[in-house]
Amino acid sequence: MANELYNQMAAFIDTKKDWMKERRQDFHKYAEAGWHEVRTCSIIADHLVKLGYEKILMGKECFDADARMGLPDQEELDFIYQRALDEGAILPYAEKFKDGFTSVIAILETGKPGPIIGLRQDIDALGVVECLDPEIHRPAREGFASIHPGEMHACGHDGHATIGMTVAETLMKYKDQLCGTVKIVFQPAEEGVRGARGIAYSGILDDVEYMIGVHMSPLPEGSDAKLQFNHSLNMANAKWDVFLTGKACHAASPENGNNAMLAMATIVQAIYGIPRASVGDARINVGQVTAGSGRNVVCDRVKMVMELRGLNQPSLDYLVPYAKRIIEHAAAMHGCTAEIKEMGSTPCVYLDTTDFTKELFDLADRLGFAPLGIKEGNGSEDFSYMAQRVQQHGGQSCFFRCLSPFSAPGHAVTYDIQEEYLANGAKFFCAAVTHLMGLTN
Ligand SMILES: [Zn+2]
Ligand SMILES: [Zn+2]
């Protein structure tokens, strides 16, 4: 079988390189952190409408609302909505993305029998203040550094959004030659692993047979590889904000109060002392504590920002109830109450429960992407919620890396990618889609 269709698509994507560069730089400049992505989503929605997509899910249609995690407060959501409008968010679409419903899912229905394929790209920036020194940072030098202090695309999701938009355009252009259905998911709030669960739990992906995700990764020096694959997304984690409430009183008569500071101190000591389990390695961190109001006042309010990680699912499943018991009982011990707010989480998912990853790796190899290998994923990625959901319904999943030279490691204030490498990500998505439809071998 010739790969004529794929070759045409790849050639078309090459003609989009200037557009991709411009698109990515605009997203970079107007960086929107998790649940802020109103402007970003409105631009994606407008693009999809103009391409002729008939079925586009926007905002609330994309979520199980209660399964979203780590949302900003209403005041912040109102502020960023107005900011998005001031900065060119496109109406009427922008309205759909108000109040933390910042997702778009394009559904391409070819009308011909074939596989149902899901493609996922995350679109959020993260809480980093971008370097504005033109001497050492290209976005500052070329005028596209973030204009939002404390929000920066330092993980390449501006590139992912651009890849998704390019794939959407390419698939639409060649729609008549395709079969089956493709769902292109633009996901918010990956940073802090907050956004994917709400989409996965909505059930929108339950019929997906093949779910594929992408992330930028650094190209090793001297390598001509274009891609790399992960066979697992290996760190399960739970991110919590814990609120302890006691009763304030004068420090001279502490018996009149309930000391939330003491509850917090007990919790911190006890939680780090959870006995190690044989099921797997784990991490515990209480990273931030805000407490108290004065020297002579018994503390009545504490906020603890913490996370638990397991290098496999059983190790996290062991930690979570243990930590909850400690928090509740240590609070009660000091006459206080505790509330645990889930700010983010991700399950540990093995992607290669089948040979699907290997199948796509081999495809990439045959098509000249010179993939680096299939490796263990490092860190956490909430794509795992989508992969898990699809696997639970009998589908398969794959996560690949689009390689580009990096100016600095991910999440650094001088992080930058090179836009010309984004085309490789878009091409591979199209290669995988046409392969799964039986059109590319
Ligand atoms: Zn990141
Ligand atoms: Zn990322």
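Buried residues make up 52% of the 441 residues in this chain, which is a predicted model. The chain holds 13 helices and 13 strands. Of its contacts with a separation of 6 or more, 83% are between residues 24 or more positions apart.

**Overall dimensions**

- For 441 residues, a compact globule would have a radius of gyration near 22 Å, and the chain agrees with this at 23 Å.
- Along the principal axes, the C-alpha atoms fill a box of roughly 85 × 50 × 45 Å.

**Helix α7 against helix α13**

- Helix α7 spans residues 157-173 and helix α13 spans residues 422-436; their axes come within 9 Å and cross at roughly 45°.
- With that angle, α7 is oblique to α13.
- The crossing in which α7 passes α13 is right-handed.
- On the α7 side, the contact is made by G159, T162, I163, T166, V167, T170 and L171; on the α13 side, L422, G425, A426, F429, C430 and V433 take part.
- By type, the residues of the α7 and α13 contact are 8 nonpolar and 5 polar, with no charged residue.

**Helix α1 against helix α13**

- Helix α13 also pairs with helix α1 (residues 4-15): the two axes come within 10 Å and cross at roughly 160°.
- Angles over 145 degrees count as roughly antiparallel, so α1 and α13 are roughly antiparallel to each other.
- This crossing of α1 and α13 is right-handed.
- From α1, the residues in the contact are L5, Y6, M9, A10, I13 and D14; from α13 they are A423, A426, K427, C430, A431 and T434.
- The α1 and α13 contact divides into 9 nonpolar residues, 1 polar and 2 charged.
- If you are tracing α13 on screen, look for A426 and C430: they are listed in the contact with α7 and also in the contact with α1.

**Helix α2 against helix α7**

- Helix α7 has another partner in helix α2 (residues 17-29), with axes that come within 9 Å and cross at roughly 140°.
- That angle makes α2 oblique to α7.
- The α2 and α7 crossing is right-handed.
- M20, R23, R24, F27 and H28 of α2 make the contact with D158, G159, A161, T162, M165 and T166 of α7.
- Here the residues divide into 4 nonpolar, 4 polar and 3 charged.

**Backbone features to check**

- Most residues other than glycine have a negative phi, and most peptide bonds are trans.
- The peptide bond from L91 to P92 is cis, and its omega is near 5°.
- P92 sits in the loop between α4 (74-86) and α5 (93-96).
- V193 is not a glycine, yet its phi is positive, at about 40°.
- You will find V193 in the loop between β4 (181-187) and α8 (196-201).
- V193 has 28 other C-beta atoms within 10 Å, so it is buried.
- A370, also a residue other than glycine, has a positive phi near 45°.
- The loop between α11 (356-366) and β12 (374-376) contains A370.
- A370 counts as partly exposed because it has 13 C-beta neighbours inside 10 Å.

**A closer look at I340**

- I340 belongs to strand β10, which covers residues 337-346.
- With 17 other C-beta atoms within 10 Å, I340 is partly exposed.
- Setting aside neighbours within four places in sequence, I340 is in contact with W240, V242, K324 and I327.
- F79 is 261 residues from I340 along the chain, and the C-alpha atoms of the two are separated by 26 Å.

Methods
Residues are numbered from 1 along each chain as its sequence is written. Chains are lettered from A and ligands numbered from 1 in the order in which they are written. This is a predicted model: local features need pLDDT of at least 70, side-chain atom pairs count only at pLDDT 80 or more; totals for chains, interfaces and linings use all residues. Helices (H or I, at least four residues) and strands (E, at least two) are DSSP runs, numbered from the N terminus. The radius of gyration is taken over C-alpha atoms; the globule rule is 2.2 Å times the number of residues to the power 0.38. A residue is buried if 20 or more other C-beta atoms lie within 10 Å of its own, exposed if 12 or fewer, and partly exposed in between; C-beta atoms are placed from the backbone. Two residues are in contact if their C-beta atoms, placed from the backbone, lie within 7 Å. Axes are lines fitted to C-alpha atoms, for helices over the stretch in contact, and angles run from 0 to 180 degrees between N-to-C directions. Angles under 35 degrees count as roughly parallel, over 145 as roughly antiparallel, 65 to 115 as roughly perpendicular and the rest as oblique. A crossing is left-handed if the near helix is turned anticlockwise from the far one by less than a right angle, and right-handed if clockwise. Ala, Val, Leu, Ile, Met, Phe, Trp, Tyr, Cys and Pro count as nonpolar, Asp, Glu, Lys and Arg as charged, and the others, Gly among them, as polar.
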